[in-house]
Amino acid sequence: MNNNILKGGVIAVLLLAAASIGLTTAQQRPTLTAEQLERLTIRAVPGKEGLYLMPGFDGSLSGGNIAILLTNEGVIIVDNKYSYSYEDITRQVGSVTSQPIRYVLNTHHHFDHAGSNASFMPDAQVIGHENVRVNMLRNRGPSASPDGAPRLTYSDKTSVHLGGAEVEAYHLGCGHTNGDSAILFPELRTIHTGDLFIWGDRLDGSTMAPFIDYDNGGCARDWVATLDQVLALDFDTVIPGHGPLLRKSEIRIFRDKFEQMLARIRELMDSGVSRDDIAAELDISDLNWPLAPAGVQAIYDELSQ
Ligand SMILES: [Zn+2]
């Protein structure tokens, strides 16, 4: 066994240990400052009647963004943060409507987006892509939530009609996972992208970079094409998986950065840079995406296939 393999093995074990610690603690309710709690409080989406946002800035302190559509026949929500978030969500939604939450759509299966599915199930239909269900039933460990696997699934597209409003869920290909959906509010020309598109800083101030969940069918190779299909939909306002309310132009910026990143990795590979050296050789500092070396190597492995 050469030294690099040994070192790689030790690092992989350390990363795994760190990840499982992260996942364990992420399921416990963090203590937030008054200022952070204010940033996470439900608010109306400006200019979009009936649409609200429970903001989310990261996957460890705040969970993902929740979109909330009020109708006179009930409420549709997209994503639901952590397993412990159910009471907080129902209380905050209850502060803007007396209507019940009838439908819960998942952008993907991760525990910071779909963590409280199971708590909603007695009173609401939980709907997700078929791979959301598959991934939730397969995954084991502290962050897994097989009880929350959606009972209603779809392969490419589905719609929910309630109170005269329509919400459309589109699975447009591989990216963050193999079960990502972009959720469109067509009348409001607003989309929730899940983690196919994330933006800005976490609550702790660190910068978010795209994460390819290879254990759950994610891929870098098709991510840009998937985003091109998202961009082909008709909307002007964007709720990212994590980050502030944005416009369509920011998805284009993210898409172009992703394409740049892949092109630079491919270029290094074509010039013979090895897996061991790829992370050190790659310069993406201008993209402001702090990718871990193991993440760059995982993309190298994918593109080598
Ligand atoms: Zn995610």
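Me: What do buried and exposed mean for a residue here?

Reply: Buried means under 20% relative accessible area, exposed over 50%, and partly exposed in between, with a 1.4 Å probe and protein chains only. This is a predicted model, in which local features need pLDDT of at least 70 and side-chain atom pairs count only at pLDDT 80 or more, while totals for chains, interfaces and linings use all residues. Residues are numbered from 1 along each chain as its sequence is written, and side-chain values use heavy atoms, with hydrogens and water left out.

Me: Is threonine 226 buried or exposed?

Reply: Threonine 226 is buried, at a relative accessible area of 2%.

Me: Which residues does threonine 226 touch?

Reply: Contact means heavy atoms within 4.5 Å. Leaving aside residues up to four places away in sequence, threonine 226 touches Leu172, Gly173, Cys174 and Leu196. Threonine 226 itself sits in helix 6; helices (H or I, at least four residues) and strands (E, at least two) are DSSP runs, numbered from the N terminus.

Me: How many disulfides are there?

Reply: A disulfide is a covalent bond between the sulfur atoms of two cysteines. The working rule is a pair of cysteine sulfur atoms within 2.5 Å, and the count by that rule is one. Cysteine 174 and cysteine 219 make the pair, with sulfur atoms 2.2 Å apart. Cysteine 174 is in the loop between strand 9 (165-170) and strand 10 (182-185), and cysteine 219 is in the loop between strand 11 (190-192) and helix 6 (223-231), so the bond ties together parts 45 residues apart in sequence. Both cysteine 174 and cysteine 219 are buried.
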